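Student: I have a structure open and would like to go through it with you. Could we begin with the ligand and then move on to the fold?

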Amino acid sequence: ADTYDFHTIQGKWLPVWQRMDPFRADRLAGDNPEVEPDTRERRYLLDMFPYPSGDLHMGHGEAYAFGDLLARYWFQQGYNVLHPIGWDAFGLPAENAAIRRNAHPAEWTYANIETQAESFKRYAVSFDWSRRLQTCDPSYYHWTQWLFLRFYERGLAYRKASYVNWCPRDQTVLANEQVVNGNCERCGSPVTKRELTQWYFKITDYAQRLLDDMAPLEGRWPERVLSMQRNWIGRSEGAYVDFAMEGRDEPVTVFTTRPDTLYGATFFVVAPESKLADEICAPEQREAFEAYLEQVKRETEIERLSTEREKTGVFLGVHATNPVNGERIPVWAADYVLADYGTGAVMAVPAHDQRDLEFALKFGIPVRVVVETGQPDPAETGVATAGEGVHVNSASIDGLGKEDGVRAMIDWLDQQKLGRGAVTFRLRDWLVSRQRYWGAPIPIIHCPTCGEVPVPDDQLPVELPDLRGADLSPKGTSPLAAATEWVQVACPKCGGDARRDTDTMDTFVDSSWYYLRYCSPNYQDGPFDPEDVRRWMPVDQYVGGVEHAILHLLYSRFFTKVLHDMGAVDFTEPFKALLNQGQVINQGKAMSKSLGNGIDLGEQLGEYGVDAIRLTMVFAGPPEDDIDWADVSPSGSLRFIQRAWRIASDVTSEPDVDFAAGDLALRKVTHKVIKEVTEHVESFKFNVAVARLMELVNAVRKAIDTGPGPADPAVREAAERLAVMLSVVTPYTAEDMWERLGHEPTVALAGWPTYDPDLAAADTLTAVAQVAGKLRDKFEVSPDISEDELRQLALASERVQSALAGREIRKVIVRAPKLINIVPA
Ligand code: ANZ
Ligand code: ZN
């Protein structure tokens, strides 16, 4: 047919590509890759893998359009590209949906995966389908469990009882990262606290390295992500200081960033839910304390740290001794001190810490200025003075500035053995256990005699019991506990009756190593073939949403470091470069059911076709920016694609014509466009690259209609180059153009065009500079030089300057690009 119809074109090429399977990694390897390896330079492009919670949505459409553009560009460049796909298939969304629909999470999950896989194929993403994986497959979580055991052996997986974030609706524990503004990330319910024994990964051991190793990522990861990670890790320098505590043999240690303010410490605060508070509370204050504790447990962390809220607290009826002056200061419990930061206890310096000041003013505790900053008295103003100043009322450090004071005080504490310099991190250990069904079971057995016993490696995977028909709705204990036969097991050590751990792992554990599994997805002897990982890793380019800026990326970095320390990999960072795409929004707002502004990807594809939608995504703006679907024009994209396709149909020359014999003007445009598109793609300016391709389409159209005509070799050259470059954005149209131009499929591997630098060189023309109307200098300039650039150029000229001979300039007349006239006074 000679009219463009995307249905026909999609229906024609999809099966051809499926037969060809052109995007396999190591495609050029022989039957025995050890003997005949694919020796081309390798590139690993990783798209964040999807959750199978329904069909693909607009956000997927965007993210995978960008990822695929880069992957296809690399394929065209001739690299040996690894571009895999899989599913992050465990987790709450699948489980909740399954409960709602009264189906097993596995059925629901695998059905969605099939739907998404078909959609990906239709969307023409250049995946290596032979490497597909699903984290809920036993063949995958076998190795998630295996890794858990290696962490356990290294002391990096441990259990402890603690207050945890609890979602009352989902009835499950949440990691700090999953609490957003005090609410459950998934369901939005306010998060409360609960004491539970939970499994943790000791990511805090890696806090400093997670910071240090960010250096090589500068400039290759978005700065926003790096700074979010830095804040999350939250390194603080300061000191530990020991305070003697009434009724207790051991001193109590506090962490402070301002040891120099010790003389200003007029009270002492402990976190209400800390063991210490419970231990030291005097009998006559017990009742008040316990009432307060109950109140605090109902609060969220955000409320507790809020600076807006009125301070609350209760006196514990005991005193601590300030080590620098022997002063007895009252000990309070207050919710603005957190149990799991620093030591859970603080020395309070109301003059120089705002929270302490508000507390002191409310409860009538003295405020003592120890740093003279020139600001008014905090006790009067209610504003603590935190800035630079000179120490006063501080004995030996009087007269010193802040930094010297800190150093002198740490030295003194050290000598007296009353404290020491210290670094703390805001980063907490990673809570990995969940009381839910749809996750990888924790491979530990609890034996009454032997305690925690790891499941032996040869008994992995510990498969999920079927539990078909069982009630999976959240109850606060793991549904696995109901699988009695599964739970009861012989202790691997003593053979006695023992019980399996019934918790499952956080899905972030699954996604912390999937990029390694892709290197050898069928490997049976470990999570990955070390040789394959050495060939492919680290990932050259990671593409995904900024919503993973902290959690997933930090955990993956942590996993990589642990594997490095185990000697399993020889690198310490998994992802060399990161691209965060923006969101697809509609009418300026995130799409949501309640707003009714949702756009369905499937419907868009049905109306405009895959290529037009992909092009719309790419052309909308810089990839990091949000795309407002109300502002873009898929029909405009479709019209452009039709114009491009029409050009290929119009070419009348044979495929072997000599391009050099073609029309020079058109050839110049073609080569210039190749040059610019290449540069724009390399620097992720995909939208600008598309704009250049549009320019090329216009130029060829003109050449066909009013210029040298459809038989000119330059027209064929332009059309062929256009097809290849378009293939990274609009693969169906490009393939069809390629066929119309007389070539075999697939255009995807035709090879990225190169340009002739002479033809691509920008045209120049001669600009003249006059002084008082007299010609003084000439310059070769670009036709699109700006007035300002031309002015700069003229004023920098020695000839112009000597003609001016130091005279004042009265007027400058600029007629870019050709003329500038400088009129002296
Ligand atoms: C005395 C002091 C004087 C402090 C002063 C600050 C200013 P960053 O920088 O975030 O690490 N702190 C320590 N542990 C705490 C906890 N568990 N909950 C709440 N606050 C805690 O904060 C460190 C500072 O926060 C510490 O330094 C301590 O107050 C407080 F003029 O000690 B400071
Ligand atoms: Zn035992």
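Student: Which residues come nearest to ligand 1?
Tutor: Keep in mind that this is a predicted model. Around ligand 1 there are 18 residues, and of these Ser 236, Thr 256, Leu 338, Tyr 341 and Arg 426 come nearest.

Student: Okay, and what does the side chain of Ser 236 do there, in terms of distance to an oxygen atom of the ligand?
Tutor: An N or O atom in the side chain of Ser 236 is placed 2.4 Å from an oxygen atom of ligand 1. Arg 426 also has a polar side-chain atom 2.6 Å from an oxygen atom of the ligand, while at Leu 338 it is a polar backbone atom that lies 2.8 Å from a nitrogen atom of ligand 1.

Student: How much of the ligand's accessible area does the protein cover?
Tutor: On its own, ligand 1 has 640 Å² of accessible area, and the protein covers 86% of that.

Student: What sort of residues make up the shell, by class?
Tutor: The shell around ligand 1 is made up of eight nonpolar, six polar and four charged residues.

Student: And which strands supply at least two residues each?
Tutor: Those are strand S11, residues 252-256, and strand S15, residues 345-348, each of which gives at least two residues to the shell around ligand 1.

Student: Switching to the fold, what is the strand order in the antiparallel sheet of four strands?
Tutor: That open sheet runs S6-S5-S9-S19, and its pairing is antiparallel. Strand S6 (172-174) and strand S19 (430-431) are the edge strands, each pairing on one side only.

Student: How many bridges join S5 to S9?
Tutor: There are 10 bridges between S5 and S9, and within that pair Ser 162 stands opposite Leu 196 of S9. Strand S5 (residues 157-167) also pairs with S6 over three bridges, where Asn 165 has Leu 174 as its bridge partner. At the other end, S9 and S19 are joined by two bridges, and Phe 201 has Trp 430 in S19 as its bridge partner.

Student: Which helix lies across S5 and S9?
Tutor: Helix H5, residues 138-153, lies across S5 and strand S9 (192-201), and runs at about 90 degrees to S9.

Student: What about the sheet with parallel pairing, which order does that have?
Tutor: This open sheet of four strands has the order S2-S1-S26-S27, with strand S2 (80-82) and strand S27 (578-581) as the edge strands. On average, neighbouring strands of this sheet are turned by 20 degrees against each other, with direction ignored.

Student: How many bridges are there between S26 and S27?
Tutor: Strand S26 (residues 541-545) pairs with S27 in the parallel sense over four bridges, and Gly 545 has Gln 581 in S27 as its bridge partner.

Student: Which helix lies across this second sheet's strands?
Tutor: Helix H2, residues 58-77, lies across strand S1 (42-47), S2, S26 and S27, and runs at about 175 degrees to S1.

Student: Last topic, helix packing: at what angle do H19 and H20 cross?
Tutor: The axes of helix H19 (residues 601-608) and helix H20 (residues 610-619) cross at roughly 115 degrees and come within 7 Å. On the H19 side the contact involves Leu 601, Gln 604, Leu 605 and Tyr 608, which meet Val 610, Ala 612 and Ile 613 in H20.

Student: How does that contact divide by class?
Tutor: The contact of H19 with H20 has six nonpolar residues, one polar residue and no charged residues.

Methods. Residues numbered from 1 in each chain as written. Chains lettered and ligands numbered in written order. Predicted model: local features only at pLDDT ≥ 70, side-chain atom pairs only at ≥ 80, totals over all residues. Heavy atoms only, no water. Near = heavy atom within 4 Å. Polar contact = N/O pair within 3.5 Å; in protein donor to acceptor, adjacent residues only side chain to side chain. Areas by Shrake-Rupley, 256 points an atom, 1.4 Å probe, with all protein chains shown as cover. Nonpolar A, V, L, I, M, F, W, Y, C, P; charged D, E, K, R; others polar. Pairing = 2+ DSSP bridges. Contact = heavy atoms within 4.5 Å. Axes fitted to C-alpha atoms, helices over the stretch in contact; angles between N-to-C directions.
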